[in-house]
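Student: Let's go through some labels and what backs them up. Show me the structure, please.

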Amino acid sequence: MTSSAHIDHALGFTIPSRNARGRILRLGPVLDDVLAAHAYPPAIERLLASALVLAALLGSTLKHAGGQLTLQAQTESGVVSLLVADYKNGEVRGYAKFDADRLAELGPDPTLFGLFGKGYLAITFDQAVTGERYQGIVPLDGDSLASAAEHYFFQSEQIPSVVHIATRHEAGEGCLAAGMLLQHLPEGEVGRDRLHTRHDHPEWEHVQALAVTLQDDELTNPALPLTDIVWRLFHEEEVVRVTDPVELTKGCRCDIDHIRSVIGRFPASERLEMADDQGVIGVDCAFCSRIFPVLLDSFAEG
Ligand SMILES: [Zn+2]
């Protein structure tokens with residue numbers, strides 16, 4: 001693994017003797033790139049950074065290329081009304097909607113409950129090859145998105161999981177966020193249908209105890225290779241297999257040709273209504289915080 005793979009990469013690993021699998025990843029420049037499209041206050045940047053890490057952790061467990069993982073956190077009356085992050089083929093994107101005045105009243109370091117009040121996290125897996133789509137919804141009643149994700153796996157999937165997410169956000173420096181997911185997938189329980197769930201997992205309890213010793217500053221130390229973290233945590237295990245790192249990038253699917261083709265399907269009369277006085281239709285992408293101008297004149301007759 002090259003040194004550049006310490007950052008903006010996801011690494012998969014398995015511990016066969018414990019029936020455990022994991023993902024570990026760190027976002028740096030990609031995160032700055034996503035955040036640069038918006039001008040969010042630090043508390044919202046940290047929240048979105050955590051959501052992007054979680055989306056990539058969960059998304060990188062999708063079996064087939066082309067699958068998509070979407071996180072959506074919502075409330076009715078929270079300071080943050082909407083938080084969206086998704087992952088597809090190594091690409092992450094996301095945005096948040098929030099009430100800036102109410103956020104300012106919460107101080108510099110609001111809790112998850114402060115941000116969302118009574119909120120919910122929807123986790124949607126879209127499997128590309130099978131077309132299978134499933135969604136789980138859990139309340140945001142823990143202290144972090146990571147604990148909501150643990151809750152989701154335990155409740156909806158009966159998969160004991162450890163999710164650890166850390167962000168580092170210092171003035172004048174870029175933002176850094178990282179996370180690790182560790183899951184117990186006992187033999188015969190890898191598929192989605194299970195006849196029963198065992199509640200005693202001594203093999204799992206052992207790796208779980210090791211996983212929770214992971215420190216925030218290890219995760220967010222850009223000089224520390226991800227493989228070193230996995231090694232430090234699990235070096236006493238018989239075999240730890242590490243997969244090739246997957247590069248993470250900032251992605252959005254808002255390309256101008258696609259936007260044009262969507263608008264082109266509307267009747268000419270409706271396109272006319274969408275356009276401003278200059279004959280320009282402005283189409284915005286919430287993820288990129290950009291407006292794409294499409295000229296009314298660019299559509300052929302009919
Ligand atoms: Zn976009």
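Student: Are Cys 254 and Cys 285 buried or exposed?

Tutor: Both Cys 254 and Cys 285 are buried. Buried means under 20% relative accessible area, exposed over 50%, and partly exposed in between (1.4 Å probe, protein chains only). Keep in mind that this is a predicted model, where local features need pLDDT of at least 70, side-chain atom pairs count only at pLDDT 80 or more, and totals for chains, interfaces and linings use all residues. Residues are numbered from 1 along each chain as its sequence is written, and side-chain values use heavy atoms, with hydrogens and water left out.

Student: What makes a cysteine a donor of the zinc ion?

Tutor: Distance. Donors are N, O and S atoms within 2.8 Å of the metal (3.2 Å for Na, K and Ca); water is not among the atoms, so sites may look incomplete. The SG atoms of Cys 252, Cys 254, Cys 285 and Cys 288 lie 2.1 to 2.2 Å from the zinc ion. They qualify as its protein donors.

Student: Why is the arrangement called tetrahedral?

Tutor: Four donors count as tetrahedral if all angles lie between 85 and 135 degrees. The 4 donor atoms around the zinc ion subtend angles of 102 to 119°, so the arrangement is tetrahedral.

Student: Why is Gln 183 called buried?

Tutor: Its relative accessibility is 1%, so Gln 183 counts as buried. Gln 183 is found in strand S9. Strands (E, at least two residues) and helices (H or I, at least four) are DSSP runs, numbered from the N terminus.

Student: What makes the pairing of Gln 183 with Ser 161 a polar contact?

Tutor: A polar contact is a pair of N or O atoms within 3.5 Å; within protein, one must be able to donate a hydrogen and the other to accept it, and residues adjacent in sequence count only if both atoms are side-chain atoms. The side chains of Gln 183 and Ser 161 make theirs at 3.1 Å.

Student: How do you know that Arg 18 and Glu 237 form a salt bridge?

Tutor: The definition asks for a side-chain nitrogen of Lys or Arg within 4 Å of a carboxyl oxygen of Asp or Glu. In Arg 18 and Glu 237, the closest N and O atoms are 2.6 Å apart. The two residues are 219 residues apart, so this pair links distant parts of the chain. Glu 237 has a relative accessible area of 8%, so it is buried.

Terms used: Tetrahedral: all angles 85-135°; square planar, octahedral: opposite > 155°, others 65-115°.
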